[in-house]
Amino acid sequence: MNLFQILGCDLHEVEWASPHATILGCQFDGVKGTVRPRPEKAWLLGSALLWPCRGSPCTSDQLSSLLGMYMHIALLCRGAMSVPRACYSFIQAGFSVPTRVWDSVQYELTVMSALLPMVVADLRRPWNPELHMTDAAPHGRGPGESFSVA
């Protein structure tokens, strides 16, 4: 028994170092230096994103849940976060009764589903010395500025 256990702190099981791991539903590959969603998770989410596109009505809360799951994965490849706009408008509309999603929402959900297999974070990508920033806006454009970081 070690000091932590004597003090009443339970410890998790011992994990030995490995070049491969599954973390928060993502696969870490230490040999390639990549992190990507588990294929099963990406496939299930891709299918779920297409569910409203097949004519199944959904509420704003249901779409919000789907979008939240997508954004968790999109954090690995930030460009994938730029797709949803109409989805947010649908969510903000507050449909509490299942409603057919708009054509623009269907388009975005289809694109998001198609992007999932390509979402990967390259941990060995070199840093860019320039910083670019943008901001989303309801009209689809946001002010942006770039500058060099010294």
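Helix H3, residues 60–74, packs on helix H5, residues 103–115, at an angle of about 30°, with the axes 12 Å apart. Axes here are lines fitted to C-alpha atoms, for helices over the stretch in contact, and angles run from 0 to 180 degrees between N-to-C directions. That makes H3 roughly parallel to H5, a term kept for angles under 35 degrees. The crossing of H3 and H5 is left-handed, meaning that the near helix is turned anticlockwise from the far one by less than a right angle.

This is a predicted model: local features need pLDDT of at least 70, side-chain atom pairs count only at pLDDT 80 or more, and totals for chains, interfaces and linings use all residues. Residues are numbered from 1 along each chain as its sequence is written, and side-chain values use heavy atoms, with hydrogens and water left out. Helices (H or I, at least four residues) and strands (E, at least two) are DSSP runs, numbered from the N terminus.

What does H3 use to meet H5? Leu63, Leu67 and Tyr70 in H3 meet Val105, Leu109, Met112 and Leu115 in H5, contact being heavy atoms within 4.5 Å. By class, the contact of H3 with H5 has 7 nonpolar residues, no polar and no charged ones. Nonpolar covers Ala, Val, Leu, Ile, Met, Phe, Trp, Tyr, Cys and Pro; charged covers Asp, Glu, Lys and Arg; the others, Gly among them, are polar.

Next, the other side-by-side pair. Helix H2, residues 39–50, packs with H3 at an angle of about 145°, with the axes 10 Å apart. The crossing of H2 and H3 is also left-handed. From H2, Lys41, Leu45, Ala48 and Leu49 take part, and from H3, Leu66, Met69, Tyr70, His72 and Ile73. The contact of H2 with H3 divides into 7 nonpolar, 1 polar and 1 charged.

Now the sheet. It is open, with 4 strands in the order E1-E2-E3-E4 and antiparallel pairing; two strands pair if DSSP finds at least two bridges between them. E1 (20–23) and E4 (121–122) are the edge strands, each pairing on one side only. E2 (residues 26–29) and E3 (residues 34–37) pair over 4 bridges, with Gln27 opposite Arg36 and Asp29 partnered by Thr34. They form a hairpin with 4 residues between them, where Gly33 in the turn has a positive phi of about 75°. E3 and E4 pair over 2 bridges, and Val35 stands opposite Ala121.

Last, confidence. Mean pLDDT, the predictor's confidence in each residue from 0 to 100, is 88 for the protein, and 86% of the residues score at least 70. Where pLDDT is low, the predicted coordinates should not be read in detail.

Note on methods:
Angles under 35 degrees count as roughly parallel, over 145 as roughly antiparallel, 65 to 115 as roughly perpendicular and the rest as oblique.
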